[in-house]
Amino acid sequence: MAKNYFQPEQETMPLEELRKLQSEKLVRQVKHVYENVKYYRDLMDAKGVKPEDIKGIEDLHKLPFLKKDDLREAYPYGLLGTDLKDCVRIQSTSGTTGKRVVAFYTQKDIDMWEDCCARALVAVGATSEDVCQVCYGYGLFTGGAGLHGGSHKVGSLTLPMSSGNTDRQIQFMMDLNSTILCCTPSYAAYIGETLREKGYKPEDNKLKAGIFGAEPWTEEMRRDIEKNLGIKAYDIYGLTEISGPGVAFECEEQRGMHINEDHFIAEIINPETGEVLPIGEKGELVFTSLDKEAFPLLRYRTRDICVLSREKCSCGRTFVRMTKPLGRSDDMMIIRGVNVFPSQIESVLLNCGYAPNYQIIVDRVNNTDTFDINVEMKEEDFSDIPTGITNREKELQSAMKAMLGINPKIHLVAPKSITRSEGKAVRVIDKRKRLGINI
Amino acid sequence: MAIKQISIFVENKEGKLVTITDSIANAGIDIRALSVADTQDFGIFRLIVTDPQRAKEALESSGCFVSITQVVGVSIPDEPGSLAKIVNILARYNINIEYMYAFIAVSGKEASVVLRVADNETAEKILTENGVKLLEEKDIVSL
């Protein structure tokens, strides 16, 4: 066995053993955090929890949550778990929704993170024979550094391309026979598109697999990438706060992403009440980092909504699987009883070739929710005949229905007519709030 | 031979039509013919004007979404049966008319009509062969 494992002992550890390992690590980690991170010690004290109250993973729910706001408040050193002299690296989030978050790493933290990425690479078939082209951005962003380090651990020949300069990406891919591609799904789609425009067929490249993450993408997009590049496309999940890409990864089964549970405990909670939900229920994903020294976050609320599954996986890994994030907890709307996330709408628009510039208007008329989406039409779709536009609206409506499960009314509007705002755009206008409806 | 029509996307909102008529008026451009196609959400305003290129620029600079469509213009005698005659000719050759509308001004004994068909060249050829007088860009200005 063990053909596609990087660390078979951990990846296929029997569940009982895994729970025992998590418990031991948790007790140790809570003690480490309580002693070294004043910010979290204050949170624990405020809640009346002492390190000795945490005897194993069954006590995890007693610990306070950490939110993104805590990270901003504690910026930059407030959550540091070691002396700065023991840290060797900083990575940072993009900071699109507010102040940046910086995460610190000791050499041991980096090794653990790179091991996680190596597991993801080996799971898609990477070996020391492979040529791994990393075109995630390098720098503060964790994408480039994570997969680069993982590829080194596997022993693949690593091409540290970073993102952009697509002509050069293609030249290296062809001249140096890249076999594994790592980048964002939208960039993979773009590379595939460009290859086709240049007259290359999918079989002209040597690629066999790709690892694509860091942004939402759909199954349709996966099929397009697979077709254009002639590869199998795999998903990867991670966040800078917890380490970076590789917190969870897809195996050949492609039925959810295995969470590296020997390093991270995953919980699903009700985002409204904070109550821990049973496995299989949809809710907000919360991570506790068991091995991180420099930036040891306990019960960090990711705001990503997903579902976990313990169903046995044919790949042999025992790690729990998570679905692709279905959206952000703070953006979730309930329309006609169905959970709808702007990110889902955005990915349908991108897949259908529209600009991700849209406005959702929700209202309640005659006790029924109305659900309208304004979308900027493509310049080439406008003609002097209305059916040209109404047909596009119907197509987009079916694509939305397939993704969301409910039918929105699509209104195509003139290009560039939806106000662009600095920073976070106003995407949702929920008029039900005026009715005092609790939504 | 085909003449240029300005097609403007108009959202069904207050003040949208004013923007269009004002920017054409301010550019000193004459409207020769117009028609509006509407749905519940939006309309498409179609114009034949004396200077299509300048009209397009004026409309775009006031934020309108505009495209130029080639249409067939015909000049027919202003008498009963004239329109029936050209419609019959096109029907005989299986040419679908997507839409049609008449010019606002009628000079003397002639009336002018705009026809939107899928294939302008074929339609123009057939109409010419059947003795129908076609309009050219220069005719629009002098109408």
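Which residues in α5(A) meet which residues in α6(A)? I took this up first. The model is predicted.

**Entry 1: α5 and α6 of chain A**

I looked up the α5(A) side. A:Ile110, A:Trp113, A:Glu114, A:Asp115, A:Cys117, A:Ala118, A:Ala120, A:Leu121 and A:Val122 are the residues there. On α6(A) they meet A:Gly146, A:Leu147, A:Gly149, A:Gly150, A:Ser151, A:Lys153 and A:Val154. I sorted this contact by class and got 9 nonpolar, 4 polar and 3 charged residues.

Next I checked the geometry. α5(A) and α6(A), the latter spanning residues 142–154, pack at an angle of about 75°. Their axes are 7 Å apart. An angle from 65 to 115 degrees counts as roughly perpendicular, so α5(A) is roughly perpendicular to α6(A).

I then took α5(A) by itself. The helix covers residues 107–123 of chain A, which is 17 residues. From first C-alpha to last I read 24 Å, close to the 24 Å expected at 1.5 Å a residue. Of the 17 residues, 13 are buried, so α5(A) is largely enclosed by the rest of the structure. Just after this helix, A:Gly125 takes a positive phi of about 110°.

**Entry 2: α10 and α11 of chain A**

I moved on to α10(A), residues 342–351, and α11(A), residues 386–404. The two helices pack at an angle of about 135°, with axes 10 Å apart. That angle makes α10(A) oblique to α11(A). Their crossing is right-handed.

I listed who makes the contact. From α10(A) come A:Gln344, A:Ile345 and A:Val348. From α11(A) come A:Ala399, A:Met400, A:Met403 and A:Leu404. The class count is 6 nonpolar, 1 polar and no charged residues.

Which residues of α10(A) are buried? I found A:Ser343, A:Ile345, A:Ser347, A:Val348 and A:Leu349. I also asked what covers them. The cover includes α11 of chain A, along with strands β15 (327–328), β18 (358–365) and β19 (368–376). Just after α10(A), A:Gly353 takes a positive phi of about 85°.

**Entry 3: chain A overall**

I stepped back to the whole chain. Chain A has 11 helices and 21 strands. Its length is 439 residues, and buried residues make up 42% of them. I also looked at contacts with a separation of 6 or more. In chain A, 66% of these join residues 24 or more positions apart.

**Entry 4: chain B overall**

From the N terminus on, I read the elements as β-α-β-β-α-β-α-β-β-α-β-α. Buried residues make up 29% of the 143 residues in chain B. Among its contacts with a separation of 6 or more, 70% are between residues 24 or more positions apart.

**Entry 5: α1 and α2 of chain B**

At what angle do α1(B) and α2(B) pack? I read about 130°, with their axes 9 Å apart. α1(B) runs over residues 16–26 and α2(B) over residues 52–61. The angle makes α1(B) oblique to α2(B). The crossing is right-handed.

I noted the contact residues. α1(B) gives B:Ile20, B:Ser23 and B:Ile24, and α2(B) gives B:Ala55, B:Ala58 and B:Leu59. By class that is 5 nonpolar, 1 polar and no charged residues.

**Entry 6: B:Ile31**

B:Ile31 is found in strand β2 of chain B, residues 31–38. Is B:Ile31 buried or partly exposed? I found 17 C-beta neighbours inside 10 Å, so B:Ile31 counts as partly exposed. A residue needs 20 or more to be buried. Leaving aside neighbours within four places in sequence, B:Ile31 is in contact with B:Ile24, B:Leu47 and B:Val49.

**Entry 7: where chain B touches chain A**

Last, I looked at the two chains together. The contact takes 14 residues from chain B and 10 residues from chain A. On the chain B side, the elements giving two or more residues are β1 (3–11), β3 (42–49) and β4 (65–77). The largest share, 4 residues, comes from β1(B). By class, I noted 4 nonpolar, 5 polar and 5 charged residues on this side of chain B.

Methods. Residues numbered from 1 in each chain as written. Chains lettered and ligands numbered in written order. Predicted model: local features only at pLDDT ≥ 70, side-chain atom pairs only at ≥ 80, totals over all residues. Axes fitted to C-alpha atoms, helices over the stretch in contact; angles between N-to-C directions. Parallel < 35°, antiparallel > 145°, perpendicular 65-115°, else oblique. Left-handed = near helix turned anticlockwise from the far one by under 90°. Contact = placed C-beta atoms within 7 Å. Nonpolar A, V, L, I, M, F, W, Y, C, P; charged D, E, K, R; others polar. Buried ≥ 20, exposed ≤ 12 C-beta atoms within 10 Å, placed from the backbone. Expected span 1.5 Å × (residues − 1).
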